[in-house]
Amino acid sequence: MKGRNSRMNTESTSLALVNSAPAQWQHFARFIQRPTLPEQTAGEMDGQKGNLGARFTTGLVAVLRMLALDLVIMIALLSLVLAFVLAGGELPSNALNDLELTPLVIVSLVIGAPLLEELGFRSWLSGRPRYLIVIPILMIAGGAAAFMGVTRTGEEASEGTAIALLAGMVVAIIASLIVWKRPPMRWFRAIFPIAFWVSALGFALIHIANYQEGDWYALLPLVMPQLVLGTICAYLRVHHGLWSAMLLHALHNGIIVMFVLAGLNITQ
C-alpha cells in the first residue's frame, strides 16, 4: 500500500514524462484531483537545475499548452452562456460592460491585474518562507495604515498611512531576503490541498464583485471561468514558477480584451 501511494505521489508531481499537450493536460487533471506540492519543479529535473534557459523553455511550453486548454474550456463555457441568452435568459449587469477600453485600462487589465492577482492569490502556494512571511507582515502594515487613517485627520492621516505601508514593504522585503533560499515548509505540504482550493475559490469568488445585481449564490456559475483560470495558474505556479502563472493570466486577459475590441469595431 505504501509503495502504491508513493508511486501515485510520484506520478502526480513529476513532470519528466510530460512531453506533449495531451500528457500535460492529463497531468493537470491528476493534479487537481489530488493537489500535491511537487518535490521538484520541471526545471530542476534531468540535470536542469540552474539552467535558466532550459527551465524557461520548459515553462513556456507548459504555458502555451495550458493556454490552449484554457481557451477550449472558455469556448465551452461561453457556448453555454450564449445558449442561455438565446433561450431568453438575461445576464446580470457587469461593471466591466461600462468600462472604456483606453490604453491605460488595457495595460491594467493585461499586465497590472495578472501581476497583482497572481502575487496575492498564488505567490505563496510554493510554501516557501520567503512568500509566506510576507503575508502577515503586509496584513499588519495594512491594519496599521487603516488605524492611522481612522484615528487621524488631514496630513497626519496621509503621512501615517504612507509610513505604515512603506515600513511594511521594507520589513517584508528584508524578511523575505533573509529566508530566501529556505525550502517549502513541511506543514504547508500537509495543508497544500486546502491551500490550493482556497486560492482557486478565493480568486473566483472575488470576481462576483464585478456583478452589480443578483444574489451571490446565483452568480456562482458566472465565475466558473475564473475558477478554471485559478486552477490552471496554480498548477503552473507550483510546477514552473510564479512567472508562468503571470504569463498565462496575462495571455488569457489579453485574448479576452482582443475579442472585445474586435467586437466593438464590428458593431461601430
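Predicted model: local features only at pLDDT ≥ 70, side-chain atom pairs only at ≥ 80, totals over all residues.
Biologist: What makes α8 oblique to α10?

Modeller: The axes of α8, residues 186-206, and α10, residues 224-240, come within 8 Å and cross at roughly 140°. Angles over 145 degrees would count as roughly antiparallel and those from 65 to 115 as roughly perpendicular, so α8 is oblique to α10.

Biologist: Which residues of α8 and α10 meet?

Modeller: On the α8 side they include Phe192, Phe196 and Trp197, and on the α10 side they include Leu227, Gly230 and Val238. By class, this contact of α8 with α10 has 11 nonpolar, three polar and no charged residues, and Gly counts among the polar ones by definition.

Biologist: Why is Gln24 called buried?

Modeller: Gln24, which is found in helix α2 (residues 21-33), has a relative accessible area of 2%. Buried means under 20%, and Gln24 is therefore buried.

Biologist: How do you know that the side chain of Gln24 makes a polar contact, and with which side chain?

Modeller: The partner is the side chain of Tyr235, at 2.8 Å. A polar contact calls for a pair of N or O atoms within 3.5 Å, one able to donate a hydrogen and the other to accept it, and the pair of Gln24 and Tyr235 is therefore counted as one.

Biologist: How many helices and strands are in the protein chain, and how much of the chain is buried?

Modeller: The protein chain has 11 helices and zero strands, while buried residues make up 35% of its 268 residues.

Technical notes
Residues numbered from 1 in each chain as written. Heavy atoms only, no water. Helix = DSSP H or I, 4+ residues; strand = E, 2+ residues; numbered from the N terminus. Buried < 20%, exposed > 50% of the residue type's maximum accessible area, 1.4 Å probe, protein only. Axes fitted to C-alpha atoms, helices over the stretch in contact; angles between N-to-C directions. Parallel < 35°, antiparallel > 145°, perpendicular 65-115°, else oblique. Contact = heavy atoms within 4.5 Å.
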